[in-house]
Amino acid sequence: MKARRNTGKHLQPYTKYLKQLATQDISGTDKMPEILFLTTFPPRQCGIATYSQDLIKALNNQYVNSFSLKICALENANEKHEYEDVDVKYKLDTSEEASYKELALAINADDNLKAVLIQHEFGLFADGVQHFNNFINEVKKPVTVVFHTILPGPDDNLRKNVQHILDRADSVIVMTNNAADILLRDYTTTKDKIAVIPHGTHLVPHADKAELKQKYGFEGRKVLSTFGLLSSGKSIETTLDALPAVVDKSPEVLFLIIGKTHPTVVLHEGEQYRESLVQKIQKLGLEENVKFINKYVPLHELLDYLQMTDIYLFTSKDPNQAVSGTFSYALSCGCAIISTPIPHAKEVLAGDTGLTFDFGNSEQLAECINTLLFDVNLRNNMMLNGLHKINPTAWENSAVAHAKVLQKACGNLKLQYRNLKINLDHIKRLTTDFGMLQFSQLNRPDINSGYTLDDNARALIAICQYYKQHKDKSVLKYIEIYLNFIDHCQCKDGRFMNYVDYNTNFGVQNRNENLEDSSGRAMWALGYVISLSQILPQEFSQKAEAMFQKSLGLTKNIYSTRAMAFVIKGLYYYNRQVKDTDTLIYIKLFGDRLVQMYRHEADSNWKWFENYLTYANSVLPEALLLCYAITGEEVYKNVAKESFDFLLTTIFDGERIKVISNKGWYFKGTAKEHYGEQPIDVAYTILALRKFHDIFKEEDYLTKMEIAFNWFLGNNHLQQVIYNPCTGGCFDGLEEHSVNLNQGAESTVSYLMARLTINKYFGNPDNIYFRKRIKAAKVNITGALNL
């Protein structure tokens with residue numbers, strides 16, 4: 001290798017920083033702990049640069065006041081870049097020994113830098129393998145290495161280099177179970193050092209394919225696609241050779257080749273490979289069936305292309321390619337996948353998730369494409385199976401997993417989840433001119449599921465909460481829709497129906513089910529509207545009060561615990577606006593009934609109103625506390641606290657909430673079921689915790705409120721997000737091994753109610769508890785939460 005003259009320019013950022021350290025007293029600093037990422041980074045065009053950009057963005061979106069992520073951009077003689085609007089603290093010239101040494105000195109001298117995370121690909125450090133090995137020895141901070149490639153059966157030289165990294169690293173991240181197996185089989189390391197965190201993917205709205213095809217001018221076409229920086233390793237010719245047999249049966253097929261040629265390939269070969277593909281296309285007569293998208297495609301456009309894709313094709317030549325970000329992105333966009341059998345594909349596509357074919361076998365590939373083109377059910381099943389498998393790899397979940405690894409590496413890193421901006425998109429999508437639909441298939445409203453009073457009552461409360469906080473007049477039309485729906489469900493005698501089909505007819509379920517709970521929810525919603533008479537249009541509160549009074553007399557015959565609790569909540573809010581003796585009579589009637597039930601069932605070990613815990617448990621002690629708030633009778637207060645504290649010991653497990661499983665209720669004297677957790681139970685717990693803090697002023701209730709809300713953000717046994725920030729929807733449940741990806745009305749509204757409730761404590765800079773948290777974290781209030 002020709003020696004290059006050392007100008008010393010690459011040392012300047014380190015020298016400047018070391019001079020600052022020498023003159024600055026950073027003891028007692030209020031800076032957040034720094035974590036340094038050694039990685040390529042945009043504008044450098046490579047897969048790892050994009051990967052790191054997405055990961056860092058996800059970590060910053062998921063956490064607040066927890067860490068400060070800095071970047072050391074990897075460069076070499078042929079790759080020099082200017083980095084604008086990104087936090088690039090250093091640049092490392094991977095071909096310069098001095099650059100490694102200066103970086104190690106700067107890292108070790110910075111007391112606020114707590115850990116180093118290295119994105120490792122063999123090609124990135126090929127110019128100075130020994131320099132890199134010396135560097136990781138010299139760094140005195142915890143080091144985490146992310147291996148993007150792990151080769152099986154290494155020769156002596158490769159094994160020695162990888163083993164050196166394994167011996168030095170405090171923790172290692174790989175992206176597939178196969179890669180972890182290789183490390184354990186072909187190298188010397190321990191299982192507890194390895195974390196398997198799959199390549200991150202983007203949550204997408206799953207837009208309508210036909211609409212996207214029309215938008216891009218591909219209407220009526222069956223779209224095949226592949227994407228990524230183009231090189232001969234992509235083996236695009238394998239697909240081109242397969243296409244004649246496909247086009248013969250489906251002449252409307254269009255194959256999109258998305259992405260520009262890899263910059264390194266252009267540097268050494270020019271556009272030779274792309275030109276060879278153009279020649280093959282012309283030779284096979286495929287000009288109308290193949291289109292190049294010859295550019296570095298921005299993310300939003302790429303996700304559009306993938307969402308319109310009917311079948312995604314992955315045709316790598318390399319059997320040892322551990323993982324592909326392109327493959328992962330296609331799965332997350334709902335593509336049916338056909339792939340060569342790289343380890344990643346064999347793991348993810350097993351179990352009717354996709355098809356594989358032999359490397360370079362165009363005949364097999366053509367058969368696979370034709371099978372999926374003509375078997376729409378098979379294609380749709382593979383798409384759904386793929387989404388359920390790939391969802392855990394969403395960048396939001398990847399951020400949680402990486403944060404846990406970094407927390408362990410740093411030792412004392414305190415993670416604080418960020419409260420995301422409120423997004424009403426999915427609630428609006430679920431709402432027709434008549435009411436809120438009950439279910440969704442993924443995030444697409446299912447009109448066949450019809451409507452329920454339950455969902456529309458909850459939606460009315462949530463949107464009224466939102467209007468109270470934000471005074472957003474655009475949501476008044478939704479309040480009117482939900483209020484009119486309740487009116488539709490109220491019979492002439494004051495009774496309520498719950499189930500309404502899409503044609504606005506009452507369903508037969510209304511005859512076969514006890515509707516007390518639904519009626520109670522309606523009274524709660526109507527009472528809440530009445531309580532906001534000063535800010536809502538007059539006709540809303542007048543209509544709500546007329547319905548409330550029409551049904552109030554019937555409620556005295558309600559004996560369901562939860563129905564009584566819902567009615568109490570309605571009476572409590574009604575009492576804020578309208579003071580009359582009837583309110584107190586009904587409050588005491590239901591409060592006394594709940595106390596009587598409690599005394600009948602409770603003993604020294606079981607302090608509850610029934611001999612089992614089921615759903616919406618928190619509403620029972622909360623309702624009794626509201627009885628105390630109105631009447632001042634201590635018995636309601638005492639039973640409320642006893643029962644609620646008993647419930648909290650049952651559903652809180654250390655730093656997590658685990659609500660009662662819907663797979664089997666928790667009966668007195670039996671073992672508690674696990675998993676099957678629903679958002680509504682977490683939300684109701686948060687609502688109750690807020691009210692108990694208001695009355696008792698115990699900070700533990702606030703702590704548990706924050707823990708409970710973080711369940712939606714990933715603080716659960718799967719460490720996966722339940723709220724979908726992309727759509728504004730909330731997933732329908734948390735199971736043992738997966739999240740239910742449907743985003744129905746109950747779960748979505750429950751999240752919004754919880755989000756608006758915690759906003760009082762964790763989103764208001766004027767709140768005392770908020771200020772205490774910020775002061776403890778030693779950060780400025782400004783920008784502390786992104787709300």
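**Close-up views of a predicted model**

**View 1. Threonine 504 sits in the loop between strand E16 (499-500) and helix H20 (509-512).** The model shown here, as in every view below, is predicted. The phi angle of threonine 504 is near 70 degrees, a positive value, and the residue is not a glycine. Most residues other than glycine have a negative phi.

View 2. Look for alanine 616 in the loop that runs between strand E17 (612-613) and helix H25 (619-631). This alanine has a relative accessibility of 2%. Residues under 20% count as buried, so alanine 616 is a buried residue.

**View 3. Proline 42 and proline 43 are joined by a cis peptide bond.** Omega for this bond is about 20 degrees. Most peptide bonds are trans. Where is proline 43 found? Proline 43 belongs to the loop between strand E1 (34-39) and helix H2 (47-62).

**View 4. Strands E14, E15 and E16 form an open sheet.** The order across the sheet is E14-E15-E16, and the pairing is antiparallel. Strand E14 (437-441) and E16 stand at the edges with a single partner strand each, so one side of each has no neighbour in the sheet. E14 pairs with strand E15 (residues 444-452) over 4 bridges, in the antiparallel sense. Which residue of E15 is the bridge partner of phenylalanine 439? That partner is aspartate 446.

**View 5. Threonine 583 is part of helix H24 (residues 581-601).** Its relative accessibility is 1%, so threonine 583 counts as buried. Which residues does threonine 583 contact, once neighbours within four places in sequence are left aside? They are Leu571, Tyr574, Asn575 and Val578.

**View 6. Aspartate 304 lies in helix H11 (residues 299-308).** Even so, aspartate 304 counts as buried, at 12% relative accessibility. It touches Leu212, Lys215 and Tyr216, not counting residues up to four places away in sequence. Cysteine 333 is 29 residues from aspartate 304 along the chain. The C-alpha atoms of these two residues are separated by 8.6 Å.

**View 7. The protein chain as a whole has 30 helices and 24 strands.** This view gives the setting for the close-ups. Along the principal axes, the C-alpha atoms fill a box of roughly 95 × 70 × 50 Å. The radius of gyration is 30 Å; a compact globule of 787 residues would have one near 28 Å, which agrees. Of the 787 residues, 58% are buried.

Definitions and conventions
Residues numbered from 1 in each chain as written. Predicted model: local features only at pLDDT ≥ 70, side-chain atom pairs only at ≥ 80, totals over all residues. Heavy atoms only, no water. Helix = DSSP H or I, 4+ residues; strand = E, 2+ residues; numbered from the N terminus. Buried < 20%, exposed > 50% of the residue type's maximum accessible area, 1.4 Å probe, protein only. Rg over C-alpha atoms; globule rule 2.2 N^0.38 Å. Pairing = 2+ DSSP bridges. Contact = heavy atoms within 4.5 Å.
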